[in-house]
Amino acid sequence: MTTLVVSLTTPLYGQHLLNKKISITLSPQTLGKALTAIGHKEGFYFSYNSDMIPGDSIVHVSVREKTLKEVLRSLLGSGYAYRETGNYIIIRPKAADGGMYVISGQVIDKATGDKVPNASVYESNQFISTLTDAQGYFHLRLHDRSPRSILTISRVHFNDTTFMLQPGYDQALTVYISPIRSIRLKPVTVTPTSRIEGMWLGKLFISSKQKIQDINLSRFFVRQPFQYSIVPGIGTHGKLSAQVVNKFSMNILGGYTAGVNGFELGGLFNIDKKGVRYAQVAGLFNTVGGNVKGVQVAGLYNGVMDSVQGFQVAGIHNKVKGSFTGVQIAGLSNHVAGNLSGLMLAGITNRTPQNVNGIQISGILNRAHRIDGLQLAGIWNSSETTVQGAQLALINRTRNLKGWQLGLLNISDTSSGYHIGLVNIVRHGFHRLSFGWNESFDMNIAYKSGNKKLYTVLLASVRVGENRKAFALGYGLGNESTFSPRLSLVTELSERVIYNGQWNDLPMLSRLQTAAQVRLTDKISLFAGPSFSVFFPPAQAPPKGYGSISPSNHYFSLGDRLKGWLGGGAGITFF
C-alpha cells in the first residue's frame, strides 16, 4: 500500500478546500499524476490508499471556475467520500464510512460577523438536527441516501437559510444568516398564548435544547405516517420529533411530538405541541397543546390547552383550558375553563367557570357559571349566575334560579323556579313569618321561604291546658296564587311530628290547608280557610297532662288507628 501526498504552496486563508474554485487544463495522463498536478497548482495535499484509487487510468482535465469537490466527482465518480484535515484532503471509498458523511461548520451573523449560538441546523428529509454551540459551530452525521440533501439553518429573529448539499463526502461549511429587518410599529398590547413547554409537565420532561428548537422552528412542521420513540428526543425523528405530526405514534416510555392524526400510545406519557385526533392513550398522563377530537385516556392526568370534542378519562384529574363537548370522567376532579356541553363526572369535584349545557355529577362539589341541565353532588352545587335546569345536593347555591333546587339547604339571590329543601333562602325573594290557630293547636308558627310558585314551610305548634298539652315540629310545601294586589289563595301541604309525653311512639299529622289571604299593608296579611287532616295516633293513651290532638266527636276512620277530619285555621302573616 502506498500513500500519495501533494505539497501545499499557497495558503487558503480560511477558504475550505473542497469549496475552492479552481481552473486547470491538463493533457491526457494518469489519474494519479492528475491529482498530483492539481494539488501542486492549488497548494494542498491529497491522501489516499493507492489500492483503492485507479491511479493508472487515463483522464483528461479541463475545468474553469469549478469547485474542487465537483472536479473530484468528475474524476472519481460518486463512490468516494472526502474529509478535510488541516491542509489535507483524505479520499476514501464511501463504504469505509458506512454510508454516512459529516457536515460541520460555523454559523455567522451576516450583519455583524458575530458567531450565532443556539441556531437549529437540520436536514428535513432525514430528520437529523443539532444546535450550534457558543461559537456557532455545528456537526451533523447524515446518511448517503439520495443524490442531494437539504440543509436548513433556523434561528429566532433571523431569516431561515436553506441550501442544497451534495451527499457522500464530508464537508465543512461557513454559513452566513441574515437577521430579520426590524420595522418600527405602533405600540400594541399582546397577550401571549400559552405554550405546552411552559406547563409544569413540559418543564419536567422537555429539555432546554428541545425548547430552543421549538422556538427556532416554530414555522416548520411536517407530516409522517408513524414515529417510534423511547423518550423525547430519542426515536425515529430524533430531536425534530416535536416538528412532526404523525398518523401513528408509539412511545415506549414517553414521546414529544407536534401532534397526532390517528393513534398515539405511550407507556408512561405523551406530549403533543399541537392537536390530537381520534385516539390517545398513556399509562400516566397526556398533555396536548392544541385541540383533542376523539378519545383521550390516561392513568393519572389529561391536560389540554385548547378544546376537546369526544371522550376523556383520567384516573385522577382532567384539565381543559378551552371548551368541552362530550363525556369527561375523572377519579377525583375535572376542570373545564370554557363551556361544557355533555357529561362531567368526578369522584370529588367538577369545575366549569363558564356555562354547562348538560350534566355535572360529583361526590362532593360541582361549580359552574351557568347551568342549563343538571348538577348532582353529594354535598355542594354552585352556579355563579343562572340555573335553567336542576341542582341536587345537600347544599345548592345560585344567583338566579329558573329551574329546580333539591337539597337540605337551597340558596339563591332571585328565583322564578322551584326550591325543595329543608331550608330555602332567596335573598331577594319570598320570606314570610306566620302566626295562627287551628282546631288541633292553639298556636302555630311558620317560616316560609322560596317563591310564590313553590315555597317551603318550617313549622312549630303548641297546645296548652290541663291534660291536653302537645308540641309539634313540622315541614311543608306551599303555593301562593295571586288574584289581585291584595287578595291571594294559599295552599299548603305539611307533615308534623307530635310530642305528647312519650318519645318511643310519636304520632304524625298530615295536613292540607287552603286559605284566602288579604293583604292589609305591604308587610301584614290576614288569612283564613278550611283544612283536611290525617292523623296516625300513638298505640297507647298519652300520659297525664298530655292529650290527643284529634277531635273527640267529628272525625272519621281511615283504617286501623288512622283518623281523618275536616277543620280550619286562621292567622296573621308578616312580610
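This is a predicted model: local features need pLDDT of at least 70, side-chain atom pairs count only at pLDDT 80 or more; totals for chains, interfaces and linings use all residues.

**Aromatic rings and their partners**

Author: Phe532 is partly exposed, its relative accessible area being 31%.

In total, the structure contains 11 aromatic pairs. One of them joins Phe44 and Phe46: the ring centres are 5.1 Å apart and the planes stand at 85°, so this pair is edge-to-face, because planes over 60 degrees apart are classed that way. Phe44 has a relative accessibility of 1% and therefore counts as buried. Phe46, with 0% relative accessibility, also counts as buried.

Phe532 and Phe556 form a pair as well, with ring centres 6.2 Å apart and planes at 15°, so the pair is stacked; the cut-off for stacking is under 30 degrees. Phe532 belongs to strand 42 (residues 524-536) and Phe556 to strand 43 (residues 556-557), so their pairing ties together parts that lie 24 residues apart in sequence.

Elsewhere, Tyr499, Trp503 and Tyr546 are linked by ring pairs into a cluster. Tyr546 has a charged neighbour too: Lys469 lies over the face of its ring, at 4.7 Å from the ring centre. A further charge over a ring is found at Phe430, where Arg432 lies over the face at 4.1 Å from the ring centre.

Note on methods:
Residues are numbered from 1 along each chain as its sequence is written. Side-chain values use heavy atoms; hydrogens and water are left out. Rings of Phe, Tyr and Trp (its six-membered ring) pair if their centres lie within 6.5 Å; planes under 30 degrees apart count as stacked, over 60 as edge-to-face and the rest as tilted. Buried means under 20% relative accessible area, exposed over 50%, partly exposed in between (1.4 Å probe, protein chains only). Helices (H or I, at least four residues) and strands (E, at least two) are DSSP runs, numbered from the N terminus. A charge sits over a ring if NZ of Lys or CZ of Arg is within 6 Å of the ring centre and within 35 degrees of the ring normal.
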